[in-house]
Amino acid sequence: MKVIIDTNLWISFLIGHQTQLVRRMLTDMRFDVFVCARLVEEIRDVATRNKIRKYES
């Protein structure tokens, strides 16, 4: 199954939420996870926002 993981799920995964869902999609061979440069750019943009950066510490 082809999937594109939404930015919100990536951010939740990166800060420690929704880990089971995203981890399953990344490790289950039935899923083909697709990303594009635009999605990576959006994830970087959102990850650098002050609201999200507080989770880094």
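A polar contact is a pair of N or O atoms within 3.5 Å; within protein, one atom must be able to donate a hydrogen and the other to accept it, and residues adjacent in sequence count only if both atoms are side-chain atoms. The structure is a predicted model, in which local features need pLDDT of at least 70 and side-chain atom pairs count only at pLDDT 80 or more, while totals for chains, interfaces and linings use all residues. Residues are numbered from 1 along each chain as its sequence is written, and side-chain values use heavy atoms, with hydrogens and water left out.

The protein chain has four helices and two strands, in the order β-α-α-β-α-α from the N terminus. Helices (H or I, at least four residues) and strands (E, at least two) are DSSP runs, numbered from the N terminus. Along the principal axes, the C-alpha atoms of the protein chain fill a box of roughly 35 × 25 × 10 Å.

Of the 57 residues in the protein chain, 25% are buried, meaning under 20% relative accessible area with a 1.4 Å probe, protein chains only. Among contacts (heavy atoms within 4.5 Å) with a separation of 6 or more, 56% join residues 24 or more positions apart.

Threonine 7 lies in helix 1, which covers residues 7-14. Threonine 7 counts as buried because its relative accessibility is 5%. Its side chain makes a polar contact with the side chain of glutamate 42, at 3.1 Å. Apart from neighbours within four places in sequence, threonine 7 is in contact with Leu39, Glu42, Ile43 and Val46.

Key. Buried < 20%, exposed > 50% of the residue type's maximum accessible area, 1.4 Å probe, protein only.
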